[in-house]
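Open the model in your viewer and keep the selection tool at hand. This tour moves from stop to stop, telling you what to select and what to look for.

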Amino acid sequence: MRICCCVKRVPAPGARINVTADGQAVDVAHLGFAVSPHEECGVEAAVQLTEAHGGEVTVLTLGAPEAAEQLRYAASVGAHHGVLVPTDGSGWDPQRTALALTAAIRTLEEAGGPFDLLIFGNESADSGGFQVGIRVAVALGRPMVGGIKGIEIDGPTVRARRETDAGFEVYELPMPAAVGVKEGINLPRYPTMRGRLASKRLEVAELAGDALPGGQAMRRLHRPAEAASETVILGTGPGAAPSVVDVLADLGVL
Amino acid sequence: MLLAVLEHDGAAMAEAAREALTFGRALAGRMGVPMHAALIGNNEGALVATAGAHGAEVVHTALHPVLSDYGPEAWGEVVAAMVRRLAPGAVLAGGSDRGNEVLAQAAARLDVPFVANCLDVDPADWSITRIQWGGSLLEDVSLSAEVPLLTCGLHSVAAETAETPAAPTVEEFAVDLDAALARTAVRDRVVLSAGVTLSTAPVVVGGGRGVGSAEGFAPLEELAELLGGKVGCSRAVTNNGWRPHADQVGQTGTRIAPQIYIAAGISGAIQHWVGAMGAKHILAVNLDPEANIVTKADWAVIGDLHEVIPAISAEIRARR
Ligand SMILES: Cc1cc2nc3c(=O)[nH]c(=O)nc-3n(C[C@H](O)[C@H](O)[C@H](O)COP(=O)(O)OP(=O)(O)OC[C@H]3O[C@@H](n4cnc5c(N)ncnc54)[C@H](O)[C@@H]3O)c2cc1C
């Protein structure tokens with residue numbers, strides 16, 4: 001199988017997310033970066049599929065040149081190729097991102113043959129536009145379903161499971177196909193010693209790509225108002241149990 | 001007019017669709033236009049009536065063999081066709097998995113922008129406030145589009161019927177769909193749990209890294225059972241393989257809305273908090289009095305959860 005997995009480099013914030021003074025970006029001064037969680041699981045899913053069915057995983061990212069780090073991470077957990085579409089690192093709108101990724105995938109397919117499966121994260125952890133994968137799939141004419149928490153390959157078909165409140169919906173997509181996956185589809189592995197070596201050896205391919213901006217323009221980021229709360233300390237250790245149960249009784253949940 | 005796209009399961013209207021009708025009613029009012037609704041793959045009287053009760057004046061129904069069950073491509077194609085033929089001033093859906101998916105499909109087909117998870121929309125200049133980071137951050141955007149396609153953030157408004165409910169006119173929207181679009185329709189359904197789910201549980205007992213192991217969750221299970229609730233957890237727990245991901249509360253897990261969330265051994269990172277903040281009340285059990293969850297909770301017990309949680313269960317049993 002030939003699989004292409006699209007990933008996004010995002011900051012990894014802790015207790016709160018701070019915004020730069022000009023409101024134009026997340027303040028990343030003290031933050032590390034990671035592959036957005038849904039896509040981290042997407043890489044794992046792609047690697048598992050090639051382990052079971054043979055083939056190769058190409059991980060594609062559009063972003064600042066530093067996003068090569070995330071491609072190396074993907075190589076350390078089993079991806080075979082890493083391709084970067086470098087930008088100036090500013091936040092591109094979803095239409096522009098999708099156009100540039102579509103062009104990159106077309107170029108990769110012209111060179112190496114069609115991908116059987118395109119894997120996207122359902123939505124990115126930061127901007128959360130819920131659309132880039134779908135736009136790419138529509139542009140390439142591929143069937144696409146999002147919210148996927150299970151993938152099996154059955155001959156020419158991708159059987160994909162999507163979580164609902166009550167259980168799962170099952171979809172059967174003819175390949176070449178595309179899916180948007182969610183965290184929980186698997187538990188991503190940690191890099192092994194061999195993986196770390198592979199990541200060092202990875203030759204990150206660069207593809208130039210740009211597109212016209214779409215119709216959604218970011219003006220400003222800000223934090224939602226936080227309700228001021230005063231915490232009542234009910235006690236220390238197990239001795240606080242009676243006060244806790246009083247609270248539960250008052251709430252009527254006993 | 002403003003066109004609200006309705007999510008349904010064939011029999012009942014989804015909560016997200018009733019939220020979209022509520023959000024859409026206010027937005028249509030500010031635009032000075034009527035609200036219409038799109039009912040795809042269905043023309044049930046009960047669904048039409050619900051749309052009317054929430055203020056839709058006209059319901060456009062689209063029926064076609066390809067639409068016999070949900071499929072993102074076919075639904076997106078219908079919405080795109082409606083935009084072309086009915087020329088709405090804006091299109092709105094609820095910010096659910098399906099709502100976001102269908103409008104993204106429609107936007108891709110129309111080659112227009114799509115703004116997901118809006119909280120506030122000013123139709124005068126289409127300046128919009130929307131959700132980023134699952135609700136940890138907000139983004140102000142300006143939208144320039146032939147037709148704005150939007151979803152409203154899930155649970156950002158409470159679904160309410162209109163003061164003056166409409167008896168909607170039903171208009172059949174004839175669609176000519178390529179049979180090949182059935183390739184992304186639902187093929188099968190697997191029902192796993194009937195009854196209380198994490199997202200609807202009245203009580204959630206959550207455990208984090210502080211629980212220390214899969215076995216460590218037994219006392220939390222016991223307390224949840226005593227209270228008729230469910231066990232939730234943090235991402236640190238699912239990452240360690242102690243609980244299935246279906247139990248994870250947060251940005252990349254489930255959003256909970258219980259009467260009380262008892263959060264034990266959880267620090268309260270922002271990505272966990274956005275999944276928990278829908279709880280009416282929060283009680284934190286933590287060794288660290290400075291933990292983020294402790295400062296945000298209504299009540300806290302400072303101590304070791306391995307002692308505190310069993311003591312709470314014992315106290316409940318003693319009082320029964
Ligand atoms: C994009 C993104 C998405 C994310 N999505 C989610 C998500 O959906 N859900 C989620 O939960 N996280 C999510 N995270 C991870 C999040 O940032 C935190 O890493 C995670 O929530 C921490 O889990 P924790 O509170 O269990 O662990 P920690 O932060 O390690 O906290 C453990 C807490 O337990 C307390 N403790 C330890 N021992 C005991 C004891 N014996 N008794 C009582 N208290 C004790 C400690 O004082 C501490 O407060 C996401 C992160 C990113 C970057």
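Select the shell around the ligand in this predicted model. By class, the shell has 15 polar, 11 nonpolar and four charged residues. Now zoom in. Of the 30 residues around the ligand, the nearest are G208(B), G210(B), R235(B), G250(B) and S267(B).

Colour by chain next. Which chains surround the ligand? Chains A and B both supply residues, so the site is shared between them.

Stay with the ligand and show the cartoon of chain B. Four elements of chain B each give the shell at least two residues: helix 6 (235–239), helix 7 (270–276), strand 14 (281–286) and helix 9 (305–319). Helix 7 of chain B has the largest share, with three residues.

Now pick strand 9 (167–174) of chain A. Four bridges join this strand to strand 10 of chain B, and the two run antiparallel. Click E169(A): R189(B) stands opposite, in strand 10 of chain B.

**Where the chains meet**

Select the contacts between the chains. Here 65 residues of chain A are in contact with 74 residues of chain B. Which elements of chain A give two or more residues to the side that touches chain B? Among them are helix 1 (37–53), helix 4 (132–140), strand 7 (144–154) and helix 6 (241–251) of chain A. Strands 9, 12 (216–222) and 13 (232–236) of chain A also belong to this group. Strand 9 of chain A gives the largest share, eight residues. By class, this side of chain A has 35 nonpolar, 20 polar and 10 charged residues.

For the last stop, select strand 12 of chain A with strand 7 (137–143) of chain B. Six bridges join these two strands, which run antiparallel. Click A217(A), then find its bridge partner, S142(B), in strand 7 of chain B.

Notes: Residues are numbered from 1 along each chain as its sequence is written. Chains are lettered from A and ligands numbered from 1 in the order in which they are written. This is a predicted model: local features need pLDDT of at least 70, side-chain atom pairs count only at pLDDT 80 or more; totals for chains, interfaces and linings use all residues. A residue is near a molecule or strand if its C-beta atom, placed from the backbone, lies within 6 Å of it. Ala, Val, Leu, Ile, Met, Phe, Trp, Tyr, Cys and Pro count as nonpolar, Asp, Glu, Lys and Arg as charged, and the others, Gly among them, as polar. Two strands pair if DSSP finds at least two bridges between them. Two residues are in contact if their C-beta atoms, placed from the backbone, lie within 7 Å.
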